[in-house]
Amino acid sequence: MRYSAWTLIRQAFSGQQGWTPAWRDVKPQDHYDVVVVGGGGHGLATAYYLAKVHGLTRVAVVEKGYVGSGNVGRNTTIIRSNYLLPGNTPFYEWSLKLWEGLEQDINFNAMVSQRGVLNLFHSDAQRDAFARRGNAMRIAGVDAELLGREDVRSLVPHLDFDNARFPVKGGLLQPRGGTVRHDAVAWGYARAADALGVDIIQDCEVTGIRVTGGRAVGLETTRGYIGAGKIGLAAAGNSSRVAAMAGLRLPIESHVLQAFVSESIKPLIDTVVTFGAGHFYISQSDKGGLVFGGDIDGYNSYAQRGSLSLVEHMMEEGVSLMPMLGRLRMVRSWGGVMDMSMDGSPIIDRTPVQGLYLNCGWCYGGFKATPASGWCFAHTIARDEAHALNAAYRLDRFATGRLIDEKGAGAQPNLH
Ligand SMILES: Cc1cc2nc3c(=O)[nH]c(=O)nc-3n(C[C@H](O)[C@H](O)[C@H](O)COP(=O)(O)OP(=O)(O)OC[C@H]3O[C@@H](n4cnc5c(N)ncnc54)[C@H](O)[C@@H]3O)c2cc1C
């Protein structure tokens, strides 16, 4: 069923009885050409591009919960491509370009909103660092504008510009950055992949990976054994656990990251703002709630819930940046499990096990990468070689030392 204004009108006149399920509820088949583990944004996008770009339609996505139950439905919805390093910039810019055409491509309203992403700076040294980043972006063909204090004030007047410790001195703006409704991305890719013949199998946990003669040949699951020509792992925060089933030990730590939503208020912020003196980012949803988040909880966990100490820390950061937030009531918070890599950059690569491919290490920032990650992972699986855009995201870079340390933070997940 194609979604359009015409379909809406027709359904309105027929009592809304004609809508069909967005994707089929299927039983797993015995064997697929490709099985993708993880029905999050990355796994579903991979399946979609495998079918659409590479013509592979005997493909399944197996998901232990329901589509959207992982980080794809838990993030703070920010998209951007304001990267500095050559390994990262073209990949994230391609992702932003795919976001710009996504809704037409998958025929689904994902509420892509290019409202801008503004990174504030609070010292002269930080301004220099942001100017360098902005210049690098512009050289790479990415949009960037360095704003002075008064430019920022006209965009977001409610900040504490004269904070004694962290005065706002200006900001780096990427006008094409913004937000996308996160769970709609999962639903949209699932629906579009299903329409091309991909089987989306929910409530199907992978419990083992069968490896014969150094080659991955299938998956043990809670719904029986599924044979596979190739297997792609896109399990985000559970990547280490799933890869261990094939004997792989990954350079990944899993940490909880929390998000918060306030009560709905009248329009207050029409861009995304990040606090440069702490780690805090805020935007406003179309329903009016302020959506924000900050640091990871700082201890390893697979639980999708966070700790109270970070709640307090996040509120302190928010109130330092926008004192008026102290008058708001918080209505919701939740946690997601982050796959933190040791240099803060992702891995999209083959593995030492033949026929087994890996997509992980997304840290805080994998939502914005969803389209390009799916695009590149599909290419890597279908052609058995990296796409130029993910050539740097190798698994062996942690052995060879060719790290992509965007923040210059070293091997410390809590600082990425
Ligand atoms: C609070 C929070 C805020 C964030 N904010 C942003 C942001 O603003 N911008 C941004 O770019 N990124 C953000 N991120 C990061 C981003 O959400 C993730 O990097 C990204 O969603 C990870 O990829 P995914 O969508 O495929 O993951 P997921 O949706 O987690 O998909 C992985 C799936 O694998 C499944 N799975 C795991 N183990 C198994 C198994 N054994 N068998 C079968 N299935 C399995 C899980 O159930 C899950 O559904 C945020 C994350 C969180 C938690």
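Colleague: Which residues is Pro 90 in contact with, leaving aside its neighbours within four places in sequence?
Modeller: Pro 90 is in contact with Ala 140 and Leu 389, where contact means that the C-beta atoms, placed from the backbone, lie within 7 Å. This is a predicted model, in which local features need pLDDT of at least 70 and side-chain atom pairs count only at pLDDT 80 or more, whereas totals for chains, interfaces and linings use all residues. Residues are numbered from 1 along each chain as its sequence is written.

Colleague: And is Pro 90 buried or exposed?
Modeller: Pro 90 is buried, because 20 other C-beta atoms lie within 10 Å; buried means 20 or more such atoms, exposed 12 or fewer, and partly exposed in between, with C-beta atoms placed from the backbone.

Colleague: Where does Pro 90 sit?
Modeller: Pro 90 belongs to helix H3, residues 89–106; helices (H or I, at least four residues) and strands (E, at least two) are DSSP runs numbered from the N terminus.

Colleague: Changing topic, how is the protein divided into domains?
Modeller: There is domain 1 (25–81 + 83–108 + 182–251 + 343–415) and domain 2 (117–177 + 254–341), with bounds that come from an automatic or database domain assignment. Their C-alpha centres lie 27 Å apart, and the contact between them takes 33 residues from domain 1 and 29 residues from domain 2.

Colleague: Which element gives the largest share of the side of domain 1 that touches domain 2?
Modeller: That is H3, with 4 residues.

Colleague: What about the ligand, which residues come nearest?
Modeller: Gly 38, Gly 40, Gly 70, Gly 336 and Gly 366 come nearest of the 40 residues around the ligand, where a residue counts as near if its C-beta atom, placed from the backbone, lies within 6 Å. Each of domain 1 and domain 2 gives at least three residues to this shell, and helix H2 (41–52), strand S12 (252–264) and strand S16 (330–341) each supply at least two.

Colleague: Okay, in what order do the strands of the open sheet run?
Modeller: The 8 strands follow the order S5-S6-S4-S13-S14-S15-S12-S16 with mixed pairing, and two strands pair if DSSP finds at least two bridges between them. Strand S5 (145–148) and S16 stand at the edges with a single partner strand each, so one side of each is left without a neighbour in the sheet.

Colleague: How do S14 and S15 run, parallel or antiparallel?
Modeller: Strand S14 (residues 280–284) and strand S15 (residues 289–300) run antiparallel and are joined by 4 bridges, and Ile 282 stands opposite Phe 292 in S15.

Note on methods: Contact = placed C-beta atoms within 7 Å.
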